[in-house]
Amino acid sequence: MKERVTRLAAQLPEKELDAILISSPENRHYLSGFTGSAGYLFITPRRQVLFTDSRYTEQAGNQSLHFEVIQIKPGLDWLVDALKETGVKRVGLESDNMTVASYNRVLDAIKENEELGGTSLIATSGITDELRVFKDKDELAQLQKAIDASDRAMEAVCPTIQAGMTEKEVAWRMEVAMREFGSDSISFNTIVASGLNGAMPHHRADDTVIRDGEPIVIDMGAQVNGYCSDITRTVVVGEPDEMFHKIYNIVLGAQLTAINTVRPGLTGEECDALSRVIIAEAGYGDNFGHSLGHGVGLAVHEIPRVGPNAENELKANMVFTIEPGIYLSGWGGVRIEDIVVLGEDGAAPMSKAGK
């Protein structure tokens with residue numbers, strides 16, 4: 001954790017910042033190890049403070065050994081005091097996380113104190129996120145635990161799905177199984193989309209009854225020690241028809257092509273094209289409407305971006321999903337998703353559940 005803070009603090013001068021206030025829960029966790037739901041990190045090149053309330057001060061002291069932990073009360077006196085004590089003038093705020101109302105409260109608190117004259121708030125974006133994009137060995141280990149939990153749940157529950165069950169029943173079984181296999185919680189609401197519902201990529205599981213021969217798109221994720229997994233499989237109860245075989249094989253081919261050919265140096269857009277061209281050449285380009293993938297870590301969706309217009313370069317030690325899909329109104333859909341870690345020579349799938 002200390003090395004992460006050092007890297008962030010080293011960036012402040014080049015960003016023309018004297019300090020940065022971290023409000024994002026994921027960034028707070030990444031930099032300090034603190035997993036509580038309320039708190040701020042105040043970081044300068046010389047001082048690192050975790051401000052939190054009485055509910056979390058003991059927890060913060062145990063988890064954030066490289067931070068000075070200060071208990072706070074409602075209001076912003078703690079921030080005003082920190083600004084006075086450190087004498088910083090240019091303070092970065094996480095614009096992707098802070099609301100306009102929160103920004104205005106901070107601004108008003110500064111304006112009300114004459115001693116803080118000349119202090120300015122600077123909107124920043126992605127400074128810590130860009131550190132998080134490269135996963136170290138510990139992070140990969142935590143991610144693998146989350147991935148293993150959802151993999152094992154998928155393999156355990158899918159063979160038990162029967163016609164007559166509802167989507168909600170299957171979703172609940174998956175969530176229970178993920179818990180049993182080591183998940184602390186789910187990383188997002190489990191998607192079970194059977195039959196016609198499969199044409200909606202983010203359908204929410206409902207009381208739709210599963211029927212023989214219809215495709216079922218199952219998209220779910222576990223969370224372990226704050227790290228998320230994300231996996232999608234498409235299955236059928238009973239015998240799939242020729243249409244299913246056709247669509248499934250196109251999607252599977254598109255996915256495996258991207259997994260096997262992506263290399264460091266490609267952009268997110270170029271990686272996306274590896275799958276997209278196969279689906280387009282099969283005549284279903286208009287039926288693949290979402291990006292090929294996204295980064296995964298402390299958030300289930302984070303950088304790098306992997307999709308059309310994603311100009312970011314993919315590099316070693318980045319972790320992201322590869323999840324092509326085809327969605328046909330009046331029939332259903334097929335999506336297959338795995339998490340991969342990019343190495344110097346290509347991508348290694350971290351997801352192991354059978355397809």
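## Reading a predicted protein chain

Author: Of the 355 residues in the protein chain, 52% count as buried, where buried means under 20% relative accessible area, exposed means over 50%, and partly exposed covers what lies in between, with a 1.4 Å probe and protein chains only. This is a predicted model, in which local features need pLDDT of at least 70 and side-chain atom pairs count only at pLDDT 80 or more, while totals for chains, interfaces and linings use all residues. Residues are numbered from 1 along each chain as its sequence is written, and side-chain values use heavy atoms, with hydrogens and water left out.

Reader: How many helices and strands does the secondary structure of the protein chain come to?

Author: Helices are DSSP runs of H or I with at least four residues, strands are runs of E with at least two, and both are numbered from the N terminus. In this protein chain there are 10 helices and 19 strands, and the C-alpha trace spans about 75 × 40 × 35 Å along its principal axes.

Reader: Among contacts between residues at least 6 apart in sequence, what percentage join residues at least 24 apart?

Author: A contact means heavy atoms within 4.5 Å. Among the contacts in the protein chain between residues at least 6 apart in sequence, 66% join residues at least 24 apart.

Reader: How should I read the charges, and how many positive and negative side chains does the protein chain have?

Author: Lys and Arg count as positive and Asp and Glu as negative, whereas His and the chain ends are not counted; each charge is placed at NZ of Lys, CZ of Arg, CG of Asp or CD of Glu. Here the protein chain has 33 positive and 52 negative side chains, and the centres of the two sets lie 4 Å apart.

Reader: What volume does the largest pocket have, in Å³?

Author: On a 1 Å grid over the protein atoms alone, a pocket is an open set of points with protein on both sides within 12 Å along at least five of seven lines, and lining residues have an atom within 4 Å of a point. Grid points are joined across faces, edges and corners, and the volume is the space filled by probe spheres set on the points. The largest pocket has a volume of about 380 Å³. It is lined by 23 residues, of which F188, I191, P201, H202 and D219 are the closest to its centre.

Reader: Where is the place of V300, and which residues does V300 touch?

Author: V300 sits in the loop between β13 and β14 and counts as buried at 14% relative accessibility. Not counting residues up to four places away in sequence, V300 touches S187, F188, C228, S229, D230, H294 and G295.

Reader: Which residues of helix α4 are buried, and what do they pack against?

Author: In helix α4 (residues 77–86), the buried residues are W78, L79, V80, A82 and L83. These buried residues pack against β1 (19–22), β2 (40–43), β3 (48–52), β5 (90–94) and α5 (100–111). After α4 comes G87, with a positive phi near 70 degrees.

Reader: Are N309 and N317 exposed or partly exposed?

Author: N309 is exposed, with a relative accessible area of 59%, whereas N317 counts as partly exposed at 37% relative accessibility. The C-alpha atoms of N317 and D136, 181 residues apart along the chain, are separated by 7.4 Å. D136 is in the loop between α6 (127–132) and α7 (137–157), and counts as partly exposed at 30% relative accessibility.

Definitions and conventions:
1 Å grid on protein atoms, 1.4 Å probe; cavity = no way out; pocket = protein on both sides within 12 Å on 5 of 7 lines; lining within 4 Å.
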